Amino acid sequence: MSLVNFTTREITCKIVYYGPGRSGKTTNLQYIFGRVPESRRGRMVSLATHGDRTLFFDFLPLDLGSISGFTTRFQLYTVPGQSYYNATRKLVLQGADGVVFVADSQARRFDDNIESLQNLQENLLEQGVDVRQLPVVLQYNKQDLPSDLVLSSDALDEALNFRAVQSFGADALHGSGVFETLKGISESVLRRLAAGAPA
Amino acid sequence: MNTKLHPGLRFEEFVIGSGNRLAATAARAVGESPGAVYNPLFIYASPGLGKTHLLSAIGHSSLAINPGLAVAYLTLDDFVEAFHAAITAGQGDAYRRRYSELGLLLLDDVQALARRREMQTELLRVVDAMQVSGGQIVLASDRPPSDIESLDDRLLRRFGGGLVVDVGAPDYETRVAILRRKADARGLDLAPGVLEAAAEIPLDNVRELLGALNRLSAAESAAGRPLSVAEARAELAGIADLVASRSGATVESAAGRGAEGDVAPAETDEFNDFLQEIASTVTQQVESWRSRVAEAVLRWSGEGFRTTRLEKLLDNGAVPQDPDGALAAFATDVSRLQQIAQDLERVAPDLAGDHALRDPDRVEAAAALLERAREGLEPPSPPSPHWLLDDLLESPTNRVAVRAARAVAAEPGSRYNPLLISAASGNGKTHVLHGVGNALAAAGLTVACVGAHDFVEELIAAIEQDAVPRWRARWRRADALLIDDVHLLADKERSQEELFLLFNEFHDHGRQMVFTTGVPLAELSGMAPRLLTRFEGGLVVELPLPDRDLRQRVAERHLSARLDQVDPELPGIIGSRPAESFRAALGTVQRVLQAAEAKGVTPSAALAREVLDGASSGGGRRTVQPRTSGVTPLVTGGIRSREKMVWEWPDVPARLIEEWR
């Protein structure tokens with residue numbers, strides 16, 4: 001996917017929220033949706049099951065307007081977290097410019113996080129993308145839960161962040177860390193242009 | 001209008017903890033003196049934290065103080081419904097008037113105002129009217145005003161002008177207090193520590209807390225005995241899990257967000273912050289092409305290349321179509337130039353300083369320059385393949401010359417250098433020259449073999465094209481320099497000078513040179529002494545007039561090549577005729593053959609006598625005057641013989657050009 005198109009004066013970033021089921025990916029998008037003025041956002045497409053689980057994916061287009069003469073658009077996607085929707089995850093992952101891995105901070109979800117992170121790497125590899133080359137940030141969601149239920153950001157960094165990417169503690173439901181995460185991934189995606197990625 | 005207050009929701013039943021202290025205090029103050037303090041009071045909290053309780057308690061409290069007060073409690077939906085009913089009944093004004101007469105309006109669930117512009121306008125009127133009349137308004141919502149989608153700015157300002165306060169989730173102590181109070185109210189007798197175990201579940205919703213209590217109560221009834229702490233925990237495990245897995249409600253953030261806040265952050269702040277940061281990153285990235293181009297300009301200009309093209313990109317205010325493409329194209333052009341310069345350095349060092357090699361906008365010109373240089377470097381014309389040393393007929397008179405030629409061919413550069421063959425025209429000096437040339441070429445040497453006339457012509461062309469250095473380089477590429485008829489260089493000073501330079505170069509490098517001259521050196525005028533002495537420094541041999549034996553053998557060879565059967569007397573007769581050169585002798589053979597053909601007879605000794613006796617002297621005279629061999633080797637390998645176009649002598653105009661210049 002062409003990130004910065006000097007010819008059409010467009011910048012398009014596709015950012016995918018990845019992570020285990022119920023880690024709060026859709027909640028991230030909903031929070032963002034709620035904070036973006038109507039004029040700036042497209043319709044949020046969300047296909048959910050009865051239990052409010054993401055069945056297919058969520059899609060939130062953001063129009064950041066004209067920046068330095070470039071029409072800048074962000075497309076935020078989530079993948080369904082449940083393991084049996086891997087085909088959908090692969091589909092959504094295609095052409096991603098950056099990935100936010102939303103981990104569930106709860107200690108009991110530890111293994112799910114690891115499994116999902118491995119699944120992310122596998123799926124990227126299958127598409128010929130080296131996870132080391134793709135901008136990725138980690139979000140440790142649900143940090144607001146009582147400390148005896150969740151692992152601290154440091155502990156999660158220790159366990160999940162072996163590539164030392166940016167990581168953010170978050171409480172997506174109430175929004176803390178949501179925009180910080182989005183900023184983090186957006187900037188690392190945008191910076192990657194300068195690092196010589198073909199435009 | 002529904003003004004009913006829930007009878008059980010009073011301040012007495014409201015458990016105050018750290019999360020709700022501010023809200024409860026504000027509510028009490030409002031209840032005690034409606035319209036005097038925080039007006040309007042805006043309370044927001046997650047569901048189940050007691051907003052409705054506070055609204056109701058304010059109503060009870062103010063009614064207790066002033067039973068005559070007009071108090072109305074209604075949800076926003078009620079408010080909307082009543083409004084619609086009034087409008088439908090054509091009583092909109094009466095509806096509005098009723099509110100302006102209220103002493104206390106308690107409006108619940110105002111988050112439903114989101115995107116309802118009409119109702120927002122209506123509420124604004126009510127708020128304004130009540131504030132004018134001194135009535136108190138208390139509103140409750142599950143989110144701060146700023147988070148209510150598309151809320152009218154004027155309403156936001158009205159709310160902000162009063163007090164916006166949130167109700168935080170109960171902390172552990174508050175939860176224990178709530179549970180104890182409810183357990184007491186219900187007469188539950190729980191084992192010590194059980195309520196505390198329940199309170200440990202971070203339920204941030206009082207209704208759920210009461211649900212947990214209900215569950216314990218039911219379990220205890222079922223068991224018929226008080227539950228132990230462990231049993232209570234087991235009973236509540238499901239709830240605890242639910243809480244844990246809910247991506248959720250938070251004690252800290254809810255408390256942190258509103259505890260001190262009068263005015264919640266403006267609705268789009270987070271997005272605007274984000275937008276601004278992204279904009280600056282995008283700008284940096286988009287504009288980073290400038291620094292990349294500037295770096296490239298510095299780099300390439302530092303290496304001596306013209307960077308006009310890149311500088312234009314920078315001067316032009318707008319973002320170029322494809323700055324990276326332009327940079328890549330520039331780099332490609334530079335590397336092409338570097339390659340061209342490298343090649344040119346090899347083939348024509350004198351051209352390596354050409355400006356085109358430093359200007360990436362002139363790559364094509366540089367390539368053309370190299371192309372021209374390469375063309376100029378094709379070695380000068382090779383010897384004509386028709387003349388071979390082996391074909392030379394050796395006789396006692398020409399033996400010295402022929403053997404010298406063979407020695408030179410066998411050991412170029414070391415035996416006789418230069419070899420100068422002096423002979424009158426038609427005596428085979430060109431044959432010897434080309435024969436040596438072919439022998440050297442066969443040995444793998446690059447042989448430059450030209451007539452002096454062509455040597456001069458090429459030099460003139462090089463001067464015209466300002467390409468003398470390349471012309472020189474071209475000659476220098478040869479391993480052997482063979483020039484026919486050097487006497488034609490007489491009075492051509494520039495040509496002599498160039499030959500002098502070449503001579504030195506070839507001599508110094510031990511490369512063979514062979515020259516022929518149609519005029520004996522001693523008689524040669526108009527020739528620089530430095531050249532003459534150099535010619536003499538090698539071996540000067542003469543090719544004498546062919547003797548009778550040689551003439552006869554030439555005739556024999558020529559006739560046997562043309563005829564199946566040769567009259568044995570015929571070569572002898574031809575050889576006996578005096579000839580001033582080989583070519584004259586061959587001319588004699590030719591005349592006999594032509595005569596025989598004309599008469600339709602086989603050439604014979606008798607015919608030869610008949611022909612030659614009549615015309616022997618005429619054929620020979622022609623060859624007296626020319627001072628050159630008159631043979632010009634063509635590039636195609638053919639020979640243009642002067643004998644065949646005797647009077648088209650091209651040398652005169654050539655001289656004229658040289659002198660004129």
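Visitor: Which is B:E498, buried or exposed?
Guide: In this predicted model, the relative accessible area of B:E498 comes out at 1%. Buried means under 20% of that area, exposed means over 50%, and partly exposed is what lies in between (1.4 Å probe, protein chains only). With a value of 1%, B:E498 is therefore buried.

Visitor: And which residue does B:E498 form a salt bridge with?
Guide: A salt bridge here is a side-chain nitrogen of Lys or Arg within 4 Å of a carboxyl oxygen of Asp or Glu. For B:E498, the closest N and O atoms of the pair are 3.3 Å apart.

Visitor: How far apart are B:E498 and B:R494 along their helix?
Guide: Both sit in helix α20 of chain B, residues 493-508. Helices (H or I, at least four residues) and strands (E, at least two) are DSSP runs, numbered from the N terminus. B:E498 and B:R494 are four residues apart, which means a separation of about one helical turn.

Visitor: How are residues and chains labelled, and which pLDDT do side-chain atom pairs need?
Guide: Residues are numbered from 1 along each chain as its sequence is written, while chains are lettered from A and ligands numbered from 1 in the order in which they are written. Side-chain values use heavy atoms, without hydrogens and water, totals for chains, interfaces and linings use all residues, local features need pLDDT of at least 70, and side-chain atom pairs count only at pLDDT 80 or more.

Visitor: How many residues apart are B:R609 and B:E569?
Guide: B:R609 and B:E569 form a salt bridge, with their closest N and O atoms 3.2 Å apart. The pair links distant parts of the chain: B:R609 is in helix α25 (residues 605-621), and B:E569 is in the loop between α22 (548-562) and α23 (570-576). Along chain B, they are 40 residues apart.

Visitor: Where is B:T516 in chain B, and which residue's side chain does it join in a polar contact?
Guide: B:T516 is part of strand β9, residues 512-517, and it counts as buried because its relative accessibility is 0%. A polar contact is a pair of N or O atoms within 3.5 Å; within protein, one must be able to donate a hydrogen and the other to accept it, and residues adjacent in sequence count only if both atoms are side-chain atoms. The contact of B:T516 is 2.3 Å, and its partner is B:D484.

Visitor: How many helices and strands does chain B have?
Guide: Chain A has five helices and eight strands, and 53% of its 199 residues count as buried. In chain B, 48% of the 661 residues are buried. Its tally is 26 helices and 12 strands.
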